[in-house]
Structure formats: C-alpha cells, structure tokens
Amino acid sequence: MTNEAQATETTDGFHLVIDALKLNDLNTIFGLVGIPITDLARLAQAEGMRFIGFRHEQHAGNAAAIAGFMTQKPGICMTVSAPGFLNGLTALANATTNCFPMILISGSSEREIVDLQQGDYEEMDQLNAAKPYAKAAYRVLHAEDIGIGVARAIRAAVSGRPGGVYLDLPAKLLAQTMDAVKGKQSLVRVVDAAPRQIPAPESVTRALDVLKGAKRPLILLGKGAAYAQADAEIRAFVEQTGIPYLPMSMAKGLLPDTHEQSASAARSFVLQEADVVVLIGARLNWLLAHGKGKTWGAAPKKFIQVDIAPTEIDSNVAIAAPVIGDIGSCVAALRAGIDSSFAKPNAEWTGAIAERKSKNLAKMAVTLDQNPSPMNFHSALRAIRDVLKARPDINVVNEGANTLDYARSIIDMYEPRKRFDSGTWGIMGIGMGFAIGAAVTSGKPVVAIEGDSAFGFSGMELETICRYDLPVCTVVFNNNGVYRGTDVNPTGGKDVAPTVFVKGARYDKMIEAFGGIGYNATTPEELTNALLEAIASGKPTLINAVIDEAAGTESGRLTNLNPQSAAMKK
Ligand code: ADP
Ligand code: TPW
C-alpha cells in the first residue's frame, strides 16, 4: 500500500466499538440483533469475538450480568432501540440492584428526531429512561469519543460498588467514519479499572475493639464477599478468629457449606443470640430483616460492616464500626490486627450453636429421607443434592418460591461463585439467562433448579441453549402452578385460579423440539438417574420433575410479606 493510500484509510463507528471492547479484553457479547446491531454483531463475530444471540433481551442482559459477577469484568449486552432496550433494562436494573457489573449497549434513533418527537423507527429517549436504573448512563455522539465512552462505561461498572451501566449508541454514530490512525489513537485501554480501596487504619482498630468485646460473635458473608474474589483471605479470617459464620445464598461455597464453623443449620438461633455481627459484603436489607425485629432477637447487637460503599452504612440500623474499602484489603487489615489479645469465641457459644445444628440437621434428615409419592420438594432436592455432592465444580442456578427456599438450604455448595439465584429483588426470570451466562463464562456444566412458574419467564431460551450446545441441565419442579397447583376458582367458573397452570405439563418435550434431551422423573430414583445421565452427556437437557401439586406454600417462606393473602384466608 502506498503512503498516500494509508493516509486516506478510514474506520467507522462499528469498528471502533468492537476495537474498544477487544482492547479491554471484553470478548463476549450477549445480545439480540436488529438495526443497527445486526452489523455490529456480524462484525464482532468476524473480528473473533463471541456473540451469543438470545430470543429475548432480558435474558441476554441476565447472562451479561452473571458473567460480570463471575469475572469482575463487565458483562456486555447489546440490544436494538426502544423495545429491545426496554427488554434489556430489567436486567440492567437487576444488575445494579445486585451490584453486578454489566454494560447495556443499545442502538438508538437519531437525537434530532427523538427530541422533537417526530416519530422515528423505535423512537425513545433511552438515555433518560435508563438513568434511574443504572449506576451510570452515557451517550456517544462522535466516533472519536467511542474509546472514551467505552472506557467510562467499564470504569463505572466495576469501580467502587459495581453496577449496571447504560451506553447509548445512535445508529448514525456507528456509520460515522474517521481516519483509521486517529481512530486507533482514540481508543483507551483502561488501567486498574477497580482500584484497591484500603480501609482507614482507625476504622480497622475500631472494628477490632468491638470484636474483642464480643461474647457471641457472628460473621455474615454476602455476595459482595463472593464477588470480591478474596476467597483465601476470607477463609483465613474465619478460621483464624474461630467465629461462626452464615453465608447469604450467593456467598454459599465461599467456604464449603460443610465447614464446621458454618452456622447455616442454626440460622435463626445465631441471628437472635449474636451480640456482635461482622457483615462482609452483605446489606441489611429485607433479606436480613433490615437488621431488626424478631429475626434478630432481644439481645442487643453491635454491627461491624465491611463494604466498599460508604453510604451503605447506617442504612437500616446504626453501625458501630464501619470499615470502608474493598473486601480483600479490609479483611487483610483486620487479620493483621488480630494478635494474642484476641480470644476465640468461648465454648458456651460455639457449643450452643453445635447443639442447635445437630438438632436441626437431625430433624431435616428425617424430612429429607421420606419418600412420598408423588415427590415433594424435599425428596426431589435430596436426589439432586446427592448427585451434586460429587460435582463441586458444577454451577447451580436457582429460582422459584418453594424451589428457591428449599434448594438454598438443602443443596450444599463447595466452591465460590457457583450459585446464582433470584438475589436482592427475589426476581423470577433469571433462570436461563444466568444458566447460559454461567455456562459460556465458565465452560462448566450448569444445573438450573427451577420452579415451573419461574422457568416460564425464560423458557424460550432453551433454543439458545440447544443452538450453542451448552451443558445446561434444567430441572423443572413441576407442581402445576405458581407456588402449587391446587387452588380453585371460588365462583366455580371455567377459568382456573390465578395460580394454576395446565395440569401434568411435559416441559421435557419443550427441549426435544430443539434437539435437546428431555426426561420425565416421577421418583427420586428417576431424578437421580436422569441427572447423572444429563450431566455426563454434557448436552442440553431438561428434566420434568413431577412434584406433588399440593406441596408448596404460598410465596414459599415469604408469607410474612404477604399480609393480604393471610387476611383473605381468615
Ligand atoms: P447479599 O444479598 O448476599 O446479602 P448484598 O448484595 O446485599 O449481598 O450486598 C453486597 C454488598 O457488597 C454491597 O453493599 C456492595 O457494596 C458490597 N461490595 C460489592 N463488591 C465489593 C467489594 N469488592 N468490596 C467491598 N464491598 C463490596
Ligand atoms: C418478575 C412473583 C415470586 S415466586 C413466583 C412468582 C411469580 C413463582 C413461584 O412459583 P414457582 O415455584 O416458580 O412454580 P414453587 O417452587 O413455589 O412452585 N414476577 C417477577 N418476579 C417475581 N418475584 C414475581 C413475579 C413471584
């Protein structure tokens, strides 16, 4: 090529977006095509990126979000404008709520037409629609700003408290051309996207003073602790202090659930009796009864809270000792301050917990060992638990009401960041998106344990699972409805009750439509065999697990949040 030809070589917005992502080692896009994303997706694939195409943007967004949680790199979701964007927005909002880093990139119509509301194709003021649900939202108008736009989005997603970021790319921007050399120079490789944040020494001393005064200390690990990838440091802190700990659902496996200091089987007891609680990457939101009330018992509490977000402190109750920083640095600083003056918890406390644990575990064993026909949640979950025990590397996705509540306590986890569930919102619909995101990101099998209602929100993504030949085994806990299948229409009319589905549905046949393997399991033995075979096959599989339609309780264990229902039953 002559010098003259080189000087006139141009690039465009499409290439700059792809180059900017690749420069930052973001090599997978979860999305759904249409103008102007089709060309972007084609180019991404041609340039060696992975484009995983979905059937609905919400699930592409969920896949991106869980990839972000697993890797500390923002998951990328791409959608078309207005409806595609809005479909993705639920996932973006859920990511922000859960502190998962992701970037939703949507094509958009032209500003001039949108702002004058002249009725463009898929017209919408997406930037403003995204703002309340995102940690940050940006729009790029000039090709030379794409590099900076992508850099800002990455940094906003992963620094400090992670969250969802919206990046608005008008169609016209993607078609803009500029000098190729200048274009390359405009790209930014983000340096130290999530810098360590070292806690103030006096905050560490204060926390250790509170901890030293504890008679009945407790450590609570949240999904922030799992996200932080400070696994060895956290385990050393727990073991060095000897303090009993409770994992929140997505922190399960940070230490193996079989660890002797795990107080999970004595959860109510330790929450009520503890006098000092060390929160590590866990918020005192509804999942922890806001840190007060019956759940927390009469014993006065002092909280130590380790978190990266200073505004989280005192959100629900007063925090005696905030430690602000990244969890790895904070836990290391706490460990460094533990000297010979620090006594391990006394035997009265650990002994009382051990006693509770063995009593509760014995009670649970009796329930789990029963073999009712049809299966109930417990006998089905016992079968799954026993299979998964031998495969600690398997990712578990879990949603539903009863299916979520029971699986959370029955299925033990042994490795960090292997359990992905409805999270902070208690949202239904994360199932297949999380399963695809986890399978693509880890290259390991996924078992998705799904209520039949929960599964329905993302069921069409079975085709996506089959298309990419992913090792995902979906187990549908089929009890003919939302929570259960026995409600009746009080008028005796033709419509079934609001919670009821088609009886005896065969979800296994759905996956067969796309070339996957379906199983129908009516006993724990059939479920065990199907699951073993499904996992060994490494193929897309679905097990329709037939559960007693009378087995579920309304809202699972959230009956306390459902006053209307309680009142109606009186
Ligand atoms: P859970 O639902 O498991 O209790 P939450 O989502 O409520 O967990 O809380 C996670 C917390 O972890 C958030 O307050 C968030 O700010 C914090 N967090 C996330 N990543 C880090 C990190 N790397 N270091 C410190 N805190 C973090
Ligand atoms: C986006 C409300 C909470 S749990 C649930 C719904 C609809 C389904 C429970 O039935 P399922 O499970 O899945 O069959 P099980 O084990 O009890 O039989 N829409 C959204 N999110 C939520 N949380 C709801 C509705 C809900």
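**Figure 1. Contact between helices H13 and H15 in the predicted model**. In this predicted model, Glu233, Ile234, Ala236, Phe237 and Gln240 of helix H13 are in contact with Ile327, Gly328, Val331, Ala332, Leu334 and Arg335 of helix H15. Sorted by class, the residues of this contact comprise 7 nonpolar, 2 polar and 2 charged. H13 covers residues 231–241 and H15 covers residues 327–336; the two pack at an angle of about 30°, and their axes lie 9 Å apart. Because angles under 35 degrees count as roughly parallel, H13 is described as roughly parallel to H15. The two helices, H13 and H15, cross in a left-handed manner.

Figure 2. When neighbours within four places in sequence are set aside, the contacts of Ser329 are Arg196, Gln197, Ile198 and Pro199.

**Figure 3. Packing of helix H4 against helix H19**. Helix H4 (residues 57–71) and helix H19 (residues 431–442) have axes 7 Å apart and pack at an angle of about 45°. The pair H4 and H19 is therefore classed as oblique. The crossing of H4 with H19 is right-handed. On the H4 side, the contact is formed by His59, Asn62, Ala63, Ile66, Ala67, Met70 and Thr71; on the H19 side, Gly433, Phe434, Gly437, Ala438, Thr441 and Ser442 take part. This contact of H4 with H19 contains 6 nonpolar and 7 polar residues, and no charged ones.

**Figure 4. Helix H16 and the elements packed against its buried residues**. Helix H16 runs over residues 347–369, a stretch of 23 residues. At 1.5 Å a residue, H16 should span 33 Å, and the distance of 32 Å between its end C-alpha atoms therefore agrees with that expectation. Trp349, Ile353, Lys357 and Leu368 are the buried residues of H16. These buried residues of H16 pack against one strand, S9 (217–221), and against helices H14 (267–273), H17 (377–389) and H18 (402–410). In an α-helix there are 3.6 residues a turn, so residues three or four places apart point the same way.

How values were computed. Residues are numbered from 1 along each chain as its sequence is written. Chains are lettered from A and ligands numbered from 1 in the order in which they are written. This is a predicted model: local features need pLDDT of at least 70, side-chain atom pairs count only at pLDDT 80 or more; totals for chains, interfaces and linings use all residues. Side-chain values use heavy atoms; hydrogens and water are left out. Axes are lines fitted to C-alpha atoms, for helices over the stretch in contact, and angles run from 0 to 180 degrees between N-to-C directions. Helices (H or I, at least four residues) and strands (E, at least two) are DSSP runs, numbered from the N terminus. Angles under 35 degrees count as roughly parallel, over 145 as roughly antiparallel, 65 to 115 as roughly perpendicular and the rest as oblique. A crossing is left-handed if the near helix is turned anticlockwise from the far one by less than a right angle, and right-handed if clockwise. Contact means heavy atoms within 4.5 Å. Ala, Val, Leu, Ile, Met, Phe, Trp, Tyr, Cys and Pro count as nonpolar, Asp, Glu, Lys and Arg as charged, and the others, Gly among them, as polar. The expected span of a helix is 1.5 Å times one less than its number of residues. Buried means under 20% relative accessible area, exposed over 50%, partly exposed in between (1.4 Å probe, protein chains only).
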